[in-house]
Amino acid sequence: MRHVTLYLGAGLIGVIVAMAVVGTFWTPYPPDAVVGPGLQPPSAEHWLGTDGLGGDIFSRLLSGARICLLIGIGSVVAAAVVGVPVGIFSGMVRGWVGEIPARLSDILYGFPALLLAILFAAALGGSTWTATMAIALASIPAFVRIARAATLQVMSQGYIEAARVSGTPRTAVAARHVLPNIAPAVGVQLSVSVGLAILAEAGLSYLGLGSGPETPTWGRMLREAQTYVFSAPQLALWPGLAIAVATLGFNLLGDGLRDLLDPRLREIR
Amino acid sequence: MTLVELRGAEVTYRRAGHPFVALRDVDFAVDKGERVGIVGGSGSGKTTMARLMLGLQAPSAGDVLVHGRSIVDLPERRRGFLRASASMVFQDPNSSLNPRMRLRDIVGEPLRSPVLAGRIAVSGRRDEAVAEALGSVGIGPEMMDRFPHELSGGQRQRVAMARALISDPDLLVADEPVSALDVSVRAQVLNLLAAEVRERSLALVLVSHDLAVVRHLCERVVVVNEGAIVEQGSVAEVLEHPQHPYTAELIDATLSL
């Protein structure tokens, strides 16, 4: 079957999106309240059991999906909005003026993304907002790099020279010629970055640098499960599984899109 | 009246740290309505000459004049007079047409540049102009919303021609306009090019390695070898009685095919 990774990725993301949509309007119990005795096994009342404080795990999992997608997608879109124009500029302008943003972004790239996010969140205190900003900042260099590389490739095409011959201003060249032709590469990067961002958000929440206690994120659920890791290991299973599904889904989608859109890979098949 | 002139133009590249001379001390001028062929083998510098004339490249030394004005030190956005008076048909339409744009936008793009935008202000009139330009190269208005990949190679090059003609230039530079096309459509595209050039009394600079093409379209020919002009004159004179051994070699090579 062709495009297996694409469909599998889309399917996994579909599960997470469905959870987020359902969780926005309905959860079996309030996700942030004590609804029964702690550490109950799965039952008819509590489908996935209850956590150490007596919260309903299924409800918390559902409502965590929305936060996970909001932070993951929001931070990556913000990073792309900054990184893509910088990358296009850097790819279109010859000489050292074009080199500078690329080198600056390489320096930023040199820091492990999670470490950067931790530094940022630690400096400003943990909250949903700082976690989003931190992950966005850490995601920018990947967009600068991919946009610049794709732009350099587009700039060698004949239609760029044709546009120059007809006197098209550079901003119009960027908007009409460069952006539409680098869009596939940027789209792939968007998907891959969202996967990484979800993982980073879980990491930050786990470290207590993400959203506050009132927001049940998957990373926070993992952190709370840690206390009972020997007595009730299943508590870590569900949020861990959810994080894995979301991250894997976006990564597979990114890989699938790359295979679909890259003509060189298509020829090989 | 001289449209474009190269004066003592030199182009030097650095290739792997060593200077490589692509063009040395070339003097060349195109007059209004004149049809000139630039012939030479690959790497002879003929395409570099064409690129200099359109300001796509800057000379390492010497000068490029358009309507008597030097364009060498002008920033790109102040070369409006050049953009309005000269345009180009590139070798490979697969590369010179943006795959993500419709014919309407590809052919209409020159009209949106600041130089020409004043001529046709309303976008409805722009569509009219695009339809007319496409019509003049034998492509109907029903094709305006097609993408380049939906066309044949010959059609694509005719679209490129429509784009070059829509700005109503004085000079058309064509760089190997048919060498990327199927042999079966070459004659058709060349005849169309010849007809447009005659009808609009355009000046034409035709870069080609194919002497038959130059004989068909041009009155004057310039032979380039290793970055220098080795011979020039009327097509009849040069091709019948070549003075330079390189020209004779080119002619022999063509005949033996």
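**View 1. Helix 7 and helix 8 of chain A.** The axes of helix 7 of chain A and helix 8 (residues 218-226) of chain A come within 7 Å and cross at roughly 40°. Axes are lines fitted to C-alpha atoms, for helices over the stretch in contact, and angles run from 0 to 180 degrees between N-to-C directions. Helices are DSSP runs (H or I, at least four residues), numbered from the N terminus. The crossing of helix 7 of chain A with helix 8 of chain A is right-handed, that is, the near helix is turned clockwise from the far one by less than a right angle.

This is a predicted model, in which local features need pLDDT of at least 70 and side-chain atom pairs count only at pLDDT 80 or more, while totals for chains, interfaces and linings use all residues. Residues are numbered from 1 along each chain as its sequence is written, and chains are lettered from A and ligands numbered from 1 in the order in which they are written.

**View 2. Residues between helix 7 and helix 8 of chain A.** From helix 7 of chain A, A:E201, A:A202, A:G203, A:L204, A:S205 and A:Y206 meet A:W218, A:G219, A:R220, A:L222 and A:R223 of helix 8 of chain A. Contact requires C-beta atoms, placed from the backbone, within 7 Å. By class, five of these residues are nonpolar, three polar and three charged (nonpolar: Ala, Val, Leu, Ile, Met, Phe, Trp, Tyr, Cys and Pro; charged: Asp, Glu, Lys and Arg; polar: the others, Gly among them).

**View 3. Helix 2 and helix 9 of chain A.** Helix 2 (residues 57-92) and helix 9 (residues 234-261) of chain A have axes that come within 11 Å and cross at roughly 30°. They are therefore roughly parallel to each other, and their crossing is right-handed. Helix 2 of chain A contributes A:I57, A:L61, A:G64 and A:C68, and helix 9 of chain A contributes A:W238, A:P239, A:A242 and A:A246. This contact has seven nonpolar, one polar and no charged residues.

**View 4. Chain A against chain B.** In contact are 15 residues of chain A and 21 residues of chain B. On the side of chain A, helix 6 (158-165) and helix 7 (170-206) are the elements giving two or more residues. Helix 6 of chain A gives the most, with seven residues.

**View 5. Residues 265-269 of chain A.** Here pLDDT stays under 50, and the model has one contact beyond four places in sequence for this stretch. pLDDT is the predictor's confidence in each residue, from 0 to 100.

Conventions: Contact = placed C-beta atoms within 7 Å. Parallel < 35°, antiparallel > 145°, perpendicular 65-115°, else oblique.
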